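The reader may wish to keep the sequence at hand while following it.

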Amino acid sequence: MTTTLGTASAGPGEIDTGRLEVGETRDGSPIGLPVAVINGAKSGQTLYMQAASDGDELNGIGVIQRVVPRLDPAELSGTILIVGIVNYHAFQVAEHRNPIDDTKMNRAYPGNENGTSSERIAAATFDIATGADLVLDLHQGSTSRMIDEVRVRCGGRHRLHGECLELAKAFGCGYVLDQKGPDGQLARAGPDEGVPTVDPELGGSVGWDEESIRKGVDGVFNVLRHYDFLDGEPSLTTQTRARGFEQYGAPAGGLTSLEPELGSRVSAGDVLFEVTTPFGEPKAEVTADSTGILWRTRRLPQVATGEYVCSVATDIDEY
């Protein structure tokens, strides 16, 4: 059976790329999101992937850019649907939020086909996602520094919680945040419609990072093997899971110096960071309240009083 997504159309054993129209720009030109259909020669499940729903999070695009040329539809069972760039307007200007309506796209799901620019794009992509069997919504830490992780956002009591955890383990970054997400996230809205959905956060900082992209590529192919899109044995390794966060702000303005490395284990009372003057004079020292893992930090050293500095993941176990 031929599968169509926007202007991309592929029969069994074929691949095609095209555009999905989701509105018009301010000069009346059509907005077309880049899409791909990889239709396997054999029947199977459908995987939906998307990237850059936050316009400055580029590692997911890097993953898709490297995954698609390696896929041979003749060897594939099932179908892979891809929207390569979701937040069209933000991507064009290298910003996080959609500048047309000042909205963070990953708070707009399930969307509204008659709503704002972000709501319309969210509705169009949510329609694709809810027609799939599995969803990977590729993100990164925007301008923060963070470890590579997969986020399960449906909450521990959700009927699809176990299936989302399985998908996160199959992706296999090594770290999983298992914490109910805010309203409007695709990884929260997708499971409500019966579709296991996870949110891989592939590193952080500006631009893209080859190591995080490599982990994302490996994760996608591991998912394809685990769910029988491709032949071969998946590598399912034990994941370190966190179910909470403690955030730390600066008690004084100045320059921060972090003590532990990103991803390090910390104990209550360990020094997390110091704030100094531009001349190195100590102003404040901040210690961890609980045992956990240094999960995320700000990228730039300068801070004002109360400004975010870092996050420690807590309630740690393995599965």
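W295 has a relative accessibility of 0%, so this residue counts as buried (under 20% relative accessible area; exposed means over 50% and partly exposed in between, with a 1.4 Å probe and protein chains only). The model is a predicted one: local features need pLDDT of at least 70 and side-chain atom pairs count only at pLDDT 80 or more, while totals for chains, interfaces and linings use all residues. Residues are numbered from 1 along each chain as its sequence is written, and side-chain values use heavy atoms, with hydrogens and water left out.

Across the whole structure, a search finds three aromatic pairs. Rings of Phe, Tyr and Trp (its six-membered ring) pair if their centres lie within 6.5 Å; planes under 30 degrees apart count as stacked, over 60 as edge-to-face and the rest as tilted. The ring centres of Y109 and F126 are 6.2 Å apart and the planes stand at 50 degrees, so this pair is tilted. Y109 lies in the loop between α2 (88-92) and α3 (117-129), and F126 in helix α3, so the pair ties together parts 17 residues apart in sequence. Helices (H or I, at least four residues) and strands (E, at least two) are DSSP runs, numbered from the N terminus. Y109 and F126 are both buried.

The pair of F245 and W295 is edge-to-face, with 6.1 Å from centre to centre and 75 degrees between the planes. Because F245 belongs to strand β12 (residues 240-249) and W295 to strand β17 (residues 292-297), the pair ties together parts 50 residues apart in sequence. F245 is partly exposed, at a relative accessible area of 27%. Ring pairs also link Y175, F245 and W295 into a cluster.
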